[in-house]
Amino acid sequence: MEREAEVGAVSDVERLRVIGAYRGTEAGPSLICVGSIHGNEPSGANALERVMATLADRKPAIRGEVVGLTGNIRAISKRVRFLAKDLNRHWTPERVAQMSRGELPDNPDAEDHEQFELQTALNDAFSRARGQVYFLDLHTTSAKSGPFLVIGDTLRNRRFAMSIPAPIILGLEERLGGTLPEYANSLGHITIGFEAGQHDDPRSVDIHEAGIWLGMISSGIIDESDVPEAEAYRALMRKASEGVPRVLELCHHHRIKQSDGFVMEPQIPNFEMIQAGQRLAGDKNGDVLAPVKGRLLLPLYQGQGNDGYFLARGINPMWLTVSSWFRRMRLDRIVHWLPGVRRRPADPNTVEIDDHIARWFVVQIFHLLGFRQRSHREGQWVFSRRKHDD
Ligand SMILES: [Zn+2]
């Protein structure tokens, strides 16, 4: 079938699940990329089209394989984030297992079919891998934005993210349950959620394209000498990230329900510095004020979604070094010696923390040691040690 890909015109072409797969004769890592899992974010799939076209044209020698998949084809055709539910929030172990058995849920909706098809394509790509699997989940934002990388904070994910010159956000992925990168992480793959910029900004496609090539270089799939644009790609990403710290940690999450009537103040870009007490939005109860100072992330400027906005703070990269020492020393094995901390008997990787006893910097300390926050309610934090850390 004749297919034409144009920037911003993603819904005018018929999207295929597999945009392309380029496989080297030599074994090596796989870089598996999913673009446009949110249907109103054409940039990811468009960038993958470009990368696959360049690979087909130049035919460089690579090790391993590069695979580009389309996320939510049905939502793309309607230019909406999703049709029935967010395709990037339902990759839970139970649903993945059900679909692996070839079963769809009862009365399947559009996203149940999408997940089934995408999971089948992903599992094909995972099972063909002849080395470490790297995974990029390509997104854009409703607000004006430079690029940023969202990772589950393992040492392996960090190393991969540090090879792409864009701000890294820690602590955000644990607020979003059931994401595709979380599923890929659970399989032992190295993953990044890669936000390139505003949904319809042509620069977002350039940045996604640049990041995919840089990911191919740093994973060892292609030699840098075979990517003549490599330095230009780094320069593009540095310029688009100017003035933003290299590493940031989430410090606030404003969740919303549709019934809140949440309306964000217009046109605040990502990474704008926000003061405590600044009005950020309005809802049925009146003004929504920032509770702390921080840089704004992912303000909601589209009808769909349950996250109003996030705030993040720059952290000194020295803490990353400290934290890798702590993890190599396996200090996580003795955290239950701390007051108020107890290991779950049935699951030694999970700790429960009484927040009446352990009051200070609980989240920061457990993040440093390689734990992921699972819940915080009724005076108790629950953290689990991340798997596949190093
Ligand atoms: Zn998205």
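Is asparagine 107 buried or exposed, going by its C-beta neighbours inside 10 Å? I began my notebook here, keeping in mind that the model is predicted. I found asparagine 107 in the loop between helix 3 (93-100) and helix 4 (110-128), and with 6 C-beta neighbours inside 10 Å it counts as exposed, because the cut-off for exposed is 12 or fewer. I also looked up its backbone angle, and asparagine 107 has a positive phi of about 45 degrees although it is not a glycine. I noted beside this that most residues other than glycine have a negative phi.

Next entry: glutamine 267. I read a positive phi of about 55 degrees for glutamine 267, which is not a glycine either. Glutamine 267 sits in the loop between strand 9 and strand 10 (273-274), and I put it down as exposed, with 10 other C-beta atoms within 10 Å.

Since strand 9 had come up, I looked for its sheet. I found an open sheet of three strands in the order 9-11-12, with antiparallel pairing. Strand 9 (263-264) and strand 12 (286-289) stand at the edges with a single partner strand each, so one side of each is left without a neighbour in the sheet. Strand 11 (residues 279-283) pairs with strand 12 in the antiparallel sense over four bridges, and I traced glycine 282 to its bridge partner in strand 12, aspartate 287.

Next entry: the chain as a whole. I counted ten helices and 18 strands in its secondary structure, and I noted that 44% of the 390 residues count as buried. The C-alpha trace spans about 65 × 50 × 50 Å along its principal axes. With 390 residues, a compact globule would have a radius of gyration near 21 Å, and the chain has 21 Å, which agrees. Of the contacts with a separation of 6 or more, 70% come from residues 24 or more positions apart.

Next entry: the domains. The chain is divided into domain 1 (10-240), domain 2 (249-314) and domain 3 (318-385). I took down 26 Å between the centres of domain 1 and domain 2, over C-alpha atoms, and the contact takes 14 residues from domain 1 and 17 residues from domain 2. On the side of domain 1 that touches domain 2, I sorted the residues into five nonpolar, six polar and three charged.

Next entry: the cores. In the largest nonpolar core, which has 79 residues, those that touch the most other members are Leu31, Ile32, Cys33, Leu136, Leu149, Ile169 and Phe310. Helix 7 (residues 202-218) gives the most to this core, with seven residues. Domain 1 (10-240) and domain 2 (249-314) both give residues to the core, so it lies between them. I also found a second, separate core of nine residues, which includes Val341, Phe371, Trp381 and Phe383.

Leucine 149 touches several residues, among them Ala161, Ile164, Ile192 and Phe194. I then turned to isoleucine 164, which lies in the loop between helix 5 (155-162) and strand 6 (168-170) and is buried, with 24 other C-beta atoms within 10 Å. Isoleucine 164 touches Leu149, Gly211, Leu214, Gly215 and Met237. Leucine 248 is 84 residues from isoleucine 164 in sequence and 15 Å from it in space, C-alpha to C-alpha.

How values were computed
Residues are numbered from 1 along each chain as its sequence is written. This is a predicted model: local features need pLDDT of at least 70, side-chain atom pairs count only at pLDDT 80 or more; totals for chains, interfaces and linings use all residues. A nonpolar core is a set of buried Ala, Val, Leu, Ile, Met, Phe, Trp, Tyr and Cys residues joined through C-beta atoms within 7 Å. A residue is buried if 20 or more other C-beta atoms lie within 10 Å of its own, exposed if 12 or fewer, and partly exposed in between; C-beta atoms are placed from the backbone. Helices (H or I, at least four residues) and strands (E, at least two) are DSSP runs, numbered from the N terminus. Domain bounds come from an automatic or database domain assignment. Two residues are in contact if their C-beta atoms, placed from the backbone, lie within 7 Å. Ala, Val, Leu, Ile, Met, Phe, Trp, Tyr, Cys and Pro count as nonpolar, Asp, Glu, Lys and Arg as charged, and the others, Gly among them, as polar. The radius of gyration is taken over C-alpha atoms; the globule rule is 2.2 Å times the number of residues to the power 0.38. Two strands pair if DSSP finds at least two bridges between them. Lists of a residue's contacts leave out its neighbours within four places in sequence.
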